[in-house]
Amino acid sequence: MVSEFYQAGTQRFTYEVDRAINRDQFEVNILCLLPLSHNPAWEDHYFTKHAELGTQIFFLEDIARPFVPSIGQRIQRKLLGKPFPHEQQSLHQFLDSYDVISFWGEYNYPVLSRKMTPQQKAKSLIHIMNSRHQTNTLYKDFDKNEVPHFVSGFKDDEVAYELAEFKNYRHSFLALSLHIDDSGIQWSYRHTDKPRIGVFTRITSHKPLDPFIYAFHELLNEVPHAELHIFGTGDPQKEGVTKYIRHLELGDRVKFRGHQEDIKKTAINEKLSLVWFHGYYGVPGGFAGFDICSIGVPQLFWNFGNTTDGSIEGFPMYSNINAFAKRTLEIINDGEEAQKLSHIQYQYICEVRNVRKCITAIESLYLTFKS
């Protein structure tokens, strides 16, 4: 179950799982809640990619739409005494035909849960793709009397905070992971008086940028010709980002570059010295960070969580502007430090976040539902 096929984190993870899952053991179909081209500003990037895997795709508007036969079909049914050849099945019939229902994105579950039977809810998995640290109303539309089964990359103590609103729930672990190709580290350090720092994110109030902008302001005291390039869709004026740039008089030192089709190519072609990224619970907060690691561009993280207990070695998390800016200066000025960080992060991705190694966790979970 997905909401759409845009080029975003949840959609990316759904695709990574779809192409890694054992097709000899599982048949995968997708129900999409929104129609294609729902938002003209976003391309349905992953629709074709799923279809190329052989995944059958359905749309809620077709499943739930009442069937209205033509006059010819009515006559044919009366004469032949057979059901209409294209008669629509109900949503309940559709959901009943599956052993397990995976909601990719916790926000999708409330959309359908009120229309589902208890039996359908019992075989549902809800994949958490955001965090309470982004918005404290993340679970406001959930029925707290239910016992939902969540799946996430959060560890036990993180889950306790994340799902504190629920009296009872089940939780299974699935690491956020991706396909790792064999190209290896593509980035190499180069010293420059005009370092470019990149941020890859959607520009939205759920992914605050003000710590990065304040840290960049501090960095300019030591590297006056540095540039901050923010890549991602969204309106910086509407989301209140430009006010920080204006207040700090950063002018054109901060550049909004818009959506990028391939962030790995962008990071290499733009000759980025370093990437800043969001972190939650002491780990990278999304696919963009892991993609960047997979090509070796070193990253530093601003921690939006309330803990770093689960911090990973080689993934520096900061909650102090001065310390963040200071470490940035060290990385862009010291090739040995930059390459060391690049190597550690790349090795971690290959060993821990490789979807080929992680897929067995969700496959085993799916098998527990097999009828």
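Here is a friendly conversation about a sheet and some helices in a predicted model.

Trainee: What should I keep in mind about the numbers?

Mentor: The model is predicted, so local features need pLDDT of at least 70 and side-chain atom pairs count only at pLDDT 80 or more, while totals for chains, interfaces and linings use all residues. Residues are numbered from 1 along each chain as its sequence is written, and side-chain values use heavy atoms, leaving out hydrogens and water.

Trainee: How do you know that strand 3 and strand 4 pair?

Mentor: Strands are DSSP runs of E with at least two residues, numbered from the N terminus, and helices are runs of H or I with at least four. Two strands pair if DSSP finds at least two bridges between them. Four bridges join strand 3 to strand 4 (residues 124-127), so this counts as a pair. Phe 103 has Ile 126 of strand 4 as its bridge partner, and Trp 104 stands opposite His 127.

Trainee: What makes strand 4 and strand 5 a pair?

Mentor: They have two bridges, in the parallel sense, and the cut-off is at least two, so they pair. Ile 126 has Phe 150 of strand 5 as its bridge partner.

Trainee: Why are strand 3 and strand 6 called edge strands?

Mentor: The open sheet has four strands in the order 3-4-5-6, with parallel pairing. Strand 3 (101-104) and strand 6 (170-173) each pair on one side only.

Trainee: What makes both faces of strand 4 covered?

Mentor: Ser 124 and Ile 126 on one side, and Leu 125 and His 127 on the other, are all buried. Buried means under 20% relative accessible area, against over 50% for exposed and partly exposed in between (1.4 Å probe, protein chains only).

Trainee: Why is helix 13 called roughly perpendicular to helix 14?

Mentor: Helix 13 (residues 321-333) and helix 14 (residues 335-352) pack at about 100 degrees, with axes 5 Å apart. Angles run from 0 to 180 degrees between N-to-C directions of lines fitted to C-alpha atoms, for helices over the stretch in contact. Under 35 degrees is roughly parallel, over 145 roughly antiparallel, 65 to 115 roughly perpendicular and the rest oblique. That makes helix 13 roughly perpendicular to helix 14.

Trainee: Which residues of helix 13 make that contact?

Mentor: Arg 327, Ile 331 and Asn 333 of helix 13 meet residues of helix 14, including Leu 341, where contact means heavy atoms within 4.5 Å.
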